[in-house]
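This report concerns the protein model displayed below. Please keep the structure in view while reading the sections that follow.

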Amino acid sequence: MAPSQQHHPLPYDEIIPVLDFGSQTAQLICRRIREAGAFSKLISPTTSAAELKAMNPIGIVLSGGPSSVYDDNAPTCDPEIFKLGIPILGVCYGMQLACKVLGCEITHSSHHEYGRAGLHIENRTGLLDAVPEKTTVWMSHGDQVHGLDEQFDTLASTPTCPHAVVRHKSLPLMGVQFHPEVTHTPHGVDILRNFIVGICGSHGQWKMAEFLEAECDRVRKFVGDGRVICGLSGGVDSAVCAALLSKAIGDQLTCVFVDNGLLRKNERDLVEAEFRDHFHIDLRVVDAGDAFLADLAGIEDPQEKRRRIGHRFVEVFKEEAAHIGGADFLAQGTLYPDVIESGHGHAGQSATIKIHHNVGGLPDELGVQLVEPLRDLFKDEARRLGEVLGLPDRIVWRHPFPGPGLAVRMLGAVDEEGLNILRNADEILLEEIVASSLYRQTAQVFAVLLPVRSVGVMGDSRTYDRVIAIRAVESSDFMTADWARIPFDVLARISNRIINEVVGVNRVVYDISSKPPATIEWE
């Protein structure tokens, strides 16, 4: 049997693994470490000290998490890791866990901190080097650490958290009660860089090209001489996945594009021309629109939509694998935000935000093994990998399109009439965004068909038609996003064209919600 793809060596000189205790932002810590030039990857909190030592890490990070350290079944770590002599940084839950393991008391506090808090630094050396004496940090905790004085020095505090940053007196262990990995902590990157470079001694040599070579090597070993079918949608993720697999295993790869009846206008023609004609990849196109639409008939719940779409995708791939013959592996362009939003953290603690058709929608028995070479990457990292692979800008910088397609951009039950309205509105929206040179300035722009009707007046007559919402966001990692400030004159042109050119629409609205609390997609 091929080795598990989830447990493979990390062939890099400078590694800082992150023990994942279930925080929604745990992977952001990895991303910050990679940005500083060391390699990082989330690992299970049950990883033993001996296994960690074998990785030869230059540092270790303990992530945050939604649990309290005194809860039943709260995730923990091997206490022997604190004896390795390797620098360790505990973040939020990770700090509390480290303090608890070393004998400190953790209690539930009446002073909860959620959101921004003022940090006062008393000792600006080491971890807090060059950070302003007074700054803002992002807190998310309801517990407090006590009994630190004998073992720890306190480096900084907030008005309600007297031990916001601590450092052990004899061990290379430090902790922060806030989240330095999020953009809401302005000097968080500086704090992490102080740990990575100043304390762990990283030389900042890790590059995406190294990830590519290591991942290609891992895929070759995992797949052996087996045949791989890759789900190709034409989007950035699946395109980069296909290009990496083509580089790694060549003609052992067959790509399958499923026309699920939920695509954007002319999407099928674009994918066929791009990948079959230009990239010379063995591409099979499956026309399964009728089956998908039949599965979705009358279904309004978005999670059920995703579940049914995921199930049908699996069935289509099973059938196509049988036609191809000898396919042992199914490859997907799953990214880390897909994984974490689906509640698949290493600690088993992450909240499920939404089911992704290529993560939570898969049944236990596929009949083939999964290959997910991008599973540890964010969207911006996948784009950089695409550039390293030599993919053209028109693919690398294409806005994301969800695997379930327009089914999750048409709120409520899916029907052909609504899909056609949405396709036409979306085409106009993207035309105007491109014409206004805003496509590369935005991370994702799309139209949503709402399950409501509104009264309007057209040609002196009353109308009662559909409503289109426009969603445009700016984001670097897609774990957080802010709504894009599209100029009013551009929005006016978009609205005017949609209302006048798309039959059945008489109102256009603009979504000004950020993520969090909203998600980027509406469903």
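## Helix 13 and helix 14

Which residues in helix 13 meet which residues in helix 14? From helix 13, the contact draws on Ala-425, Ile-428, Leu-429, Glu-431, Glu-432 and Ile-433, and from helix 14 on Arg-493, Ile-494, Arg-497, Ile-498 and Glu-501. By class, these contact residues comprise 6 nonpolar, no polar and 5 charged.

Helix 13 spans residues 416-435 and helix 14 spans residues 488-501; their axes are 9 Å apart and the packing angle is about 150 degrees. Angles over 145 degrees count as roughly antiparallel, and helix 13 and helix 14 are therefore roughly antiparallel to each other. The crossing of helix 13 past helix 14 is right-handed.

## Confidence of the model

The model is predicted. The chain has a mean pLDDT of 87, with 90% of its residues at 70 or more. Confidence is highest in strand 3 (residues 60-62), at a mean of 98, and lowest in helix 10 (residues 336-341), at 64.

Two stretches call for caution. Residues 1-9 stay under 50 in pLDDT, and the model gives them 14 contacts beyond four places in sequence. Residues 348-364 are likewise below 50, with 66 contacts beyond near neighbours in sequence.

Five strands form an open sheet in the order 12-11-10-13-14, and their pairing is parallel. Strand 12 (283-287) and strand 14 (369-371) are the edge strands, each pairing on one side only. From one strand to the next, the twist averages 30 degrees.

Within this sheet, strand 10 (residues 227-231) runs parallel to strand 11 (residues 253-259), and 4 bridges join them. Gly-231 is placed opposite Val-256 of strand 11.

Helix 5 (residues 208-223) lies across strand 10, strand 13 (327-331) and strand 14, and runs at about 170 degrees to strand 14.

Helix 5 also packs with helix 6 (residues 236-249): the two axes come within 9 Å and cross at roughly 65 degrees. This angle makes helix 5 roughly perpendicular to helix 6, and the crossing is right-handed. Leu-212, Glu-213, Glu-215, Cys-216, Val-219 and Arg-220 of helix 5 meet Leu-244, Leu-245, Lys-247, Ala-248 and Ile-249 of helix 6. The residues of this contact divide into 7 nonpolar, no polar and 4 charged.

Methods: Residues numbered from 1 in each chain as written. Predicted model: local features only at pLDDT ≥ 70, side-chain atom pairs only at ≥ 80, totals over all residues. Heavy atoms only, no water. pLDDT = per-residue confidence, 0-100. Helix = DSSP H or I, 4+ residues; strand = E, 2+ residues; numbered from the N terminus. Contact = heavy atoms within 4.5 Å. Axes fitted to C-alpha atoms, helices over the stretch in contact; angles between N-to-C directions. Parallel < 35°, antiparallel > 145°, perpendicular 65-115°, else oblique. Left-handed = near helix turned anticlockwise from the far one by under 90°. Nonpolar A, V, L, I, M, F, W, Y, C, P; charged D, E, K, R; others polar. Pairing = 2+ DSSP bridges.
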